[in-house]
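Subject: Structure handover

Hello,

Here is the structure you were waiting for. My notes on what turned up follow below it.

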Amino acid sequence: SSGSGDTGAAGDDGSYTIGVANFTLGGPYFSGMDKAIAAEAKKKGKIEIISTDANGDAAKLASNVEDLLSKNVDAVIISGGPLESAPAALNAINSAGKPVVLVDRKFQTGEYTSWIGPDNEAIGRQNGEFLAQKLPDGGKVAIIKGGPADNSIGLARTNGVKSVLQGKTGITLVEAPDFGNWGSDGGLTVMESLLATNADLKAVFCENDAMCLGAQRAIADAGKADQVIIAGVDGQAEALKAILDGTNYLVTGLNDADVIGAMGLDRAVEILSGATVEKDTVVPSPMITKENAAQYQNPDGSF
Amino acid sequence: MTGQLTEPALTPTEPRRLPRLVLAGRDITVATAFVALIALLVVVAALTAETFLTPTNLTNLLKQMVTTGLLSFGMLVVILTGGIDLSVGSIVAFSGILTAGLVSGLPIPVAMAVGVVSGIGFGLINGALIARFELAPFVVTLAALTTIRGLAFVYSEVPIAPEDPGFFTLGSATLGPVPVSTLVMLAVFAVGGVFLTRTPPGRSIVAIGGNAETVRLAGINVRRHVVLAYTISGACAGLAGVVLASRVGIAQPSVGVAFELDAIAACVIGGASLAGGRGSVRATFGGVLVLVLINNLLNLYGVQSFWQQVLKGLIIIAVILVQRTNRVRS
Amino acid sequence: MTGQLTEPALTPTEPRRLPRLVLAGRDITVATAFVALIALLVVVAALTAETFLTPTNLTNLLKQMVTTGLLSFGMLVVILTGGIDLSVGSIVAFSGILTAGLVSGLPIPVAMAVGVVSGIGFGLINGALIARFELAPFVVTLAALTTIRGLAFVYSEVPIAPEDPGFFTLGSATLGPVPVSTLVMLAVFAVGGVFLTRTPPGRSIVAIGGNAETVRLAGINVRRHVVLAYTISGACAGLAGVVLASRVGIAQPSVGVAFELDAIAACVIGGASLAGGRGSVRATFGGVLVLVLINNLLNLYGVQSFWQQVLKGLIIIAVILVQRTNRVRS
Amino acid sequence: MTLELRGVRKDYGGVEVLHGVDLVGHPGEVLAVVGANGAGKSTLIKILSGAQPMSAGEMLMDGATVDLRSPHDAHARGIRTVYQELSIVPGLSVTENLLMGNFPRRRGLIDWAAAHARAQELLDGIGFGAIDPRTLAGRLSVARQQMVEIAKALVAEPRVLVLDEPSAVLAGSDLEALFALVRRLRERGVLVVYVSHRLAEVMELATSIVVMKDGRVIERTEPARTSETELIGLMAGRRLEQVYPERRARPGDVRLSVHGLSRRGEFEDVSFELRAGEIVGLFGLVGSGRSELARCVFGAEPATSGRVQVSGGEVRFRAPSDAIAAGLALVTEDRKRTGLVGGMSVLDNIGLTTMYGMRRGPLIDAARRRERVGEMIDRLSIQPEGCASMRVANLSGGNQQKAVLAKWLLAEPRVLILDEPTRGVDMSTRIAIYRMIDDLARGGLAVLLVSSDLTEVLGATDRILVMNQGRVTGELRSDRTTEDEILAHAIGRAA
Ligand SMILES: Nc1ncnc2c1ncn2[C@@H]1O[C@H](COP(=O)(O)OP(=O)(O)OP(=O)(O)O)[C@@H](O)[C@H]1O
Ligand SMILES: Nc1ncnc2c1ncn2[C@@H]1O[C@H](COP(=O)(O)OP(=O)(O)OP(=O)(O)O)[C@@H](O)[C@H]1O
Ligand SMILES: O[C@@H]1[C@H](O)[C@H](O)CO[C@H]1O
Ligand SMILES: [Mg+2]
Ligand SMILES: [Mg+2]
C-alpha cells in the first residue's frame, strides 16, 4: 500500500485508489468494462477509481499510466483493448512497485501481477462445435474477423472455430478478405460481399457480436434469414435478444465485460490486501443459446 | 503613343491554346477519359470476376456507394468554396445514434428528420465559425470532428438498436432491384447538380472558391454562402448517418471514423481542386464509383485485407495519374 | 487592396488591418499574444491542478510532446510549400515495426537508422509523385496513408517486441529530468528553424508556397525542393516511429492512426496557412505545446474521456479564435 | 453626381500615406489622377471605392456626407471601380463574371441562354463585342480580361466610374474602344476618375488633371493649361532632363542567337541575334506572341523546334535555371503572378535568384545579401524608406515592378530580357530605368526590350524587331524608322 501521496490514501482500513488505464473506450465492450470496474468499486466502498483513456494511442497509454503513478495510485488495472503489449507501461508500474491487473487482454510480453480474461480459443472451439452440430450435412461457413491483422484475440477465436470445423467433411470455410473492424457497420458490408461471392452460405461466425448483428441485417436484406445461421462472441445485449427471439442468430460465447471488469477490480483489491492470488484467471465462457439466453440478460449491465 | 493609333489594328483571334475538343466550354477529352476509365474498370471486373455481374453484387455496389456518395456531394460543395469538412464522419455517428435514440419516443420519420437536422446544426456552426471569424476550415472542422465524436459517445456510449422494424425501411427497402437508399443518394446528386449549375447560390459558391474577394465586390454575401456550403455538407452527413443506422439496424457512436477521407478522395479523383472553384458533380459521382469499384473488386478477388490497402492506395494513384496525363496531353 | 484582391478572403491572412508593431517582417503582437496564451494555460494549470508542477508530470509532458512535435515540424515544411502530408501516421507504424523487426539481426542504431531511412524513402516517393506529375498532395498522401499502412501489416501482421533492453533507451532514457527523446525533438526544431529561415533550400521552400511560378522563373528547381519537403516530413515521421516504438517497447503495425491530424492542427494553431508560404517553426512548437497541455490538463482534472474529446475540440476553436481576434485587432 | 473628398488621411499600421487629400469631381468630368509611384493614387481609389476605410477626413456625395463601409456600399451608391490588378474569376465564363449576382432566371433557375445573350449585348454595347461571353475568363489574354473587368463595372450604369491604370495592358483597337467608352460615359454625365502613367492619353482624355505627390494633391489643372513635360516635372518635384539617353551603340560579339525557333500555336520560325552592348526592342500588338517568345528563349517553356545559341555555343535550356546559368535574365510582364512572392519580404524577393550563390557554408550570407540588396534598393530608389523588411505586396505597384528588376540586376546577367518593364512605372523612375539599361549595355550587356509602348521602343533601343501573329515581320533601325512604319509591320501591312 502507498505512502504519503495526495490522492492515494491507502491503509489498513481497506481504502485504496486504483487507476484504470484504458487503451480505448471507443467500443461498447471496453466502456462497459470500465463502468463495471467503477460499479464494483462503488459496491465495495472506500475505493476511489481514476480512469483514463488513451484513445487508441499506445504512447498515450504509457503516459496515462505514468500520470496515474504520479498521482500515487495503489494499483493499476489495464484494459489493453486491441493492444498486444505495453512493455513501457508495465515497466513503469513495476519499477514503482505497484501491482498491475490486466483485464480481457493478456499482454504477450512484460511482467504483470495478474490477468483476468476469457479463453478465446475455447470460445472459438465451442462455436465451432455448435456449428458442426447444426450443419450435419456440411456446407459453407463464413468467418468475419475484426482486425487488424495483429489482433491476437480475434485470431484465437478464429483459430478455435477453424480447429474444429476444418476436419469436418462437407464443411468449407470462407474467410472474408477484409475486416469488419469489430463494429456492426463493418459486419454488414463484409457480409454483403460474402453473400455476393458465396450465395450458398450456411453459416457465419464473427469474432464478436457487434459484427454479427450487422451481418444479420445483411442476411435479412438478402432474404437469406432462413438459410444462414449466425454465431458470435461476447453476449452483447442486442445479440442476446436476437438469440432469445428465435432469429437465425443462434449462439454466442459469453465474454462478459461486466463480469471481467468486476473480477478485475476484486483481484486488485485482493492483491492490495495482501492475499496470494492466482496469476492467470480464465473466466468461463458458457455457450449461450435460445435455451439459456434469458438468464444472461442483465438490464442493469452496461454491455 | 499607341493611343494615337488611327487605323484599327487587327485583333488576333483568341483564345489561342484550347484543348482540341470543346463542348459547351468544357474540354470533353478529360471527361471522356474519365468515363472511359470507369467503363474499363467495369469491363475488367466483369471479365475477371465471375460474381461481379450477379444481381446481388450489383445491388451491393449500389448500397455501398450510398454513404460515400452522400458525404462526397456535401464535401464537393465545401471544397468548391475552397474549404474542407473533416467533421462529416463524426456527424454520421451523431445523427445516427441520435435518431436511433429518439425512435423509441418519436415517430420514425420525425426521429430521422431530427437526425438530419442535427447534421444541419453542426454544419451551421462549422460554417459560422469559418465564415464569421475567418478561421481555417481545416482546423475548425478538425476540432468539430473531435467534439462531435465526443458528443456522440456522451449521448450514448453503447450502440442503440431500435426494435421497430420501420426503422430499417430506409436502409433496406428496394424499388425493384434498386435500394431506396441509393435512390435517395442519386436524388441528392441530381438536385445538387441543378443547384450548383443553375441557381444563384450554387453559382456563388463556385465563384467564391475561384475568387472570394471578387464575389464580395459583386455585392454577394460571401459569408452567408460559405455558411450555406457547410450546412449542406452537414445535412448530407446527417442524412448519411440516418441512412447508415437504418441500414445497419444498429447505431453506434463509433462509426464513421475516417469517412471524410474517402469523400475527399472521391471529389479529387473527380478532378475537384482543393483550392476551390473547380469541381463537378458528375465527376465526383464518378469518383465515388471508382472508390466503390476498387473496394468491391479487391473483395471479389479475395485479396487479403492488408494487400487490399496496399493496392487501394496504388490504384488511386494510378487513377489520378491517368486523369492527369490525359489532361496535360489534351 | 491591390495585393490581396485574388487571395480568398476566407483564409485568415493579415488582410486589411495590419498590426501596429512589425519587427523584421513579423507582427510581433500576434506572436506575443500566442506566448501569453501558452503562459496563461500553464499558469492556470499550475494553480488549478495540484499535480501539474510535479516532476513526474512535467517529465510526462516532455515525453508526450515528442511524437506530435516531430511530426509537426515535418508537416510544417510540407505545409509551407502549400502541400499536406497525410501519410505520416502510417509511416510511424511502418518505420517502427521495421526497426523492431531488424533489431534481432542488426545493431540497434543501424536498425533505427534503417527505420528513419524507410520514412525518407516514403517521403521521396510522395514528393516525386506530387512534384513530377503535379498530383494533388492531399490525394497522393492519402493513398500513401493506405498503402503504407498495408505495407506495415505485410511486413509483420503481429506486433514485434524486441528483447534487447537497449532498444528502449532512446524512448526512456533521461538526461537529468529531460527525456532524451524530447531532446531529439528539440534538436529537430532548432536545426529546422535555422534551415527554414537561413538556408537557400529553406527559403526556397517558403517561397514556393507563396508563388511557385516566380520561384521557378528565378532559376530554382521547384520540383526538387518540393521533393525535399516531403522527404523531410517522411524523415521526421520515420524518426517519430522509431522513437515511439522504443518508448512503448513494442512496435505494432496498427499504431499512428490519425496522428497527421494533430500535426496539422499544431501547425495551424501556430498560424501556418494551409495555402502555403506562411508559417513559423517557433509558433508551430507553440501549437504542439497547446495540444499537449490541453490533453494533460484534461487528464489531470480527471475529465471523463468522452467529455475530454468534446472539450478538446472546443478549446482548439477557442485558441484559434483568440489568435485570430488578436490578429485582427492589433 | 458631385463627389468630394475633404482632408482624407490614411495610415497603414501607423505609417501615414495620405496626408489630407481634398478632391472634387463633377458629373460629366474625366478627372485624371497622376503621380509618381507610391504617391498614393491606388490608396485614394481604394478609399473612394469603399475597399479601405479612411483614417480621417470625410467624403461627400452631392453635398451629403457618406460613410463607405464596404465596396458593396460604394456599389449601392453608384460608384464602380476597376482596380489596378485583375480580379476576375478565371474558372468562370465571361458571362458569369459579368452578371455575377444578377442572373436572368426562369422558374427560379438561371436561364443561361438569356444570360449569354445579355452578356453579349452588354459587350457589344461598350465596344468589346469581340469577346465571346461563353469562354472561360481565365482563357482570355490579359488585355481581354481587363476589358471584361471594365465591362463588369458597367453592368448597371455607374454614376462614378473609377479606373486604376486601365490602359496598362491594352493596346491598339482595344485601347481605342476604351477611350471611346470613356468619352461616351462622360457625355452621359458619369464622373470618370482615371489613373494612368501614360500622360499622352491623360492629355487626350481628361477634362481635369490632379497631380499627387507624396500623399498630397499638389496641383489641379487642365490639359489645355499644361503639358506632359510640366506634369512630369510636378510629379517628380524637379525638372527632368531628357527621357531617353543618347544611344550610340557599338555592338560587340553575338551574345544570343535564335534560329528558327517555334512553339506550336504561339510563334513560328523566329530568328534574331542580340549582341553585347545592344538594346533591341521587340514590338508587337498584344497577343502577337512576344511574351511567349521571351519565356521560351528563357527556358520557361519548351520550344517545338529551332535552336538557341549563347555566345556562339549551342544551348538547350530545359528550365530557367539553365538559362540563368548561361547568363540570361527575364523580367516577366506579370509581376504579381510570375515576378514576386507577395507574402515574403522585399529582401527575400530581391535576393531570390542569387541566394544559392551567396552562401557561407550551408547558410545564406545574410550580411552580404542585405548589403547587395540594399545597394539595389538605393540604385532603383525603391520606396518607401527602409522597405527591405516589408512584405513586397505592400509596396505600390511601380515599386513592386522595381523590385522585380532589382532581383534580376543582382544576378548580373549577360543577356537581359525585359518584358514590359516599365508597365505602371512613373516617368522619373522610367528615366532611371532607361539610364540604367543604357549604362549596363555600355558595359557590354545585351538587352531585349519587349514593349507595347511605341515611344519607348523607339526611344530606348538601337534596333527593333516587330512581331505579328507569332512571326517576326520586320527588323528596323530605331534611328531610321517611324512609329507608322513600326505599326505597319505590327499589323502585317508593311509594304
Ligand atoms: N497594405 C499596405 N500596407 C502598408 N503600406 C502600404 C499598403 N498599401 C500601400 N502601401 C503604401 O502606401 C503608399 C502609396 O501606395 P499606392 O499604391 O497608393 O501608390 P500609387 O500611387 O498607386 O503608386 P503606383 O503608381 O506605383 O501604383 C506606398 O508607399 C505603399 O508602399
Ligand atoms: N488562349 C490562351 N490560353 C491561355 N493563356 C493565354 C491565352 N492567350 C494568351 N494567354 C496568356 O496571356 C498572357 C498575355 O497574353 P497576350 O495576349 O498579351 O500575349 P502576348 O504574346 O504575351 O502579348 P504581348 O505581345 O503583348 O506580349 C500570356 O502570358 C499568354 O500566355
Ligand atoms: O474481447 C473483446 C471483445 O470481444 C470486443 O468485442 C472486441 O475486443 C476484444 O478485445
Ligand atoms: Mg497604384
Ligand atoms: Mg506580353
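A:Cys212 is buried in this predicted model, with a relative accessible area of 0% (buried is under 20%, exposed over 50% and partly exposed in between, with a 1.4 Å probe and protein chains only). C:Cys267 is likewise buried, at 0%. Counting a disulfide as a pair of cysteine sulfur atoms within 2.5 Å, the total over all chains is zero.

On conventions: residues are numbered from 1 along each chain as its sequence is written, and chains are lettered from A and ligands numbered from 1 in the order in which they are written. As the model is predicted, local features need pLDDT of at least 70 and side-chain atom pairs count only at pLDDT 80 or more, while totals for chains, interfaces and linings use all residues; side-chain values use heavy atoms, with hydrogens and water left out.

The metal site is in chain D. D:Ser291 (OG) and D:Glu333 (OE) coordinate the magnesium ion (ligand 5) at 2.0 to 2.2 Å. Donors here are N, O and S atoms within 2.8 Å of the metal (3.2 Å for Na, K and Ca); water is not among the atoms, so sites may look incomplete. D:Ser291 sits in helix α9 (residues 290–297) and D:Glu333 in the loop between β18 (328–331) and α11 (335–339), so the pair ties together parts of chain D that are 42 residues apart in sequence. Helices (H or I, at least four residues) and strands (E, at least two) are DSSP runs, numbered from the N terminus. D:Ser291 is buried at 11%, whereas D:Glu333 is partly exposed at 27%.

Chain D is assigned domain 1 (3–239), domain 2 (242–327 + 413–490) and domain 3 (347–411); the bounds come from an automatic or database domain assignment. Between domain 1 and domain 3 of chain D, the C-alpha centres are 32 Å apart.

The second largest cavity lies between domain 1 and domain 2 of chain D, because both give residues to its lining. Its space is about 170 Å³. Of its 15 lining residues, those closest to the centre are D:Ala168, D:Arg198, D:Arg423, D:Gly424 and D:Arg430. (A cavity is a set of points on a 1 Å grid over the protein atoms alone where a 1.4 Å probe fits but cannot get out; lining residues have an atom within 4 Å of a point. Points are joined across faces, edges and corners, and a volume is the space filled by probe spheres set on them.)

Regards

Terms used: 1 Å grid on protein atoms, 1.4 Å probe; cavity = no way out; pocket = protein on both sides within 12 Å on 5 of 7 lines; lining within 4 Å.
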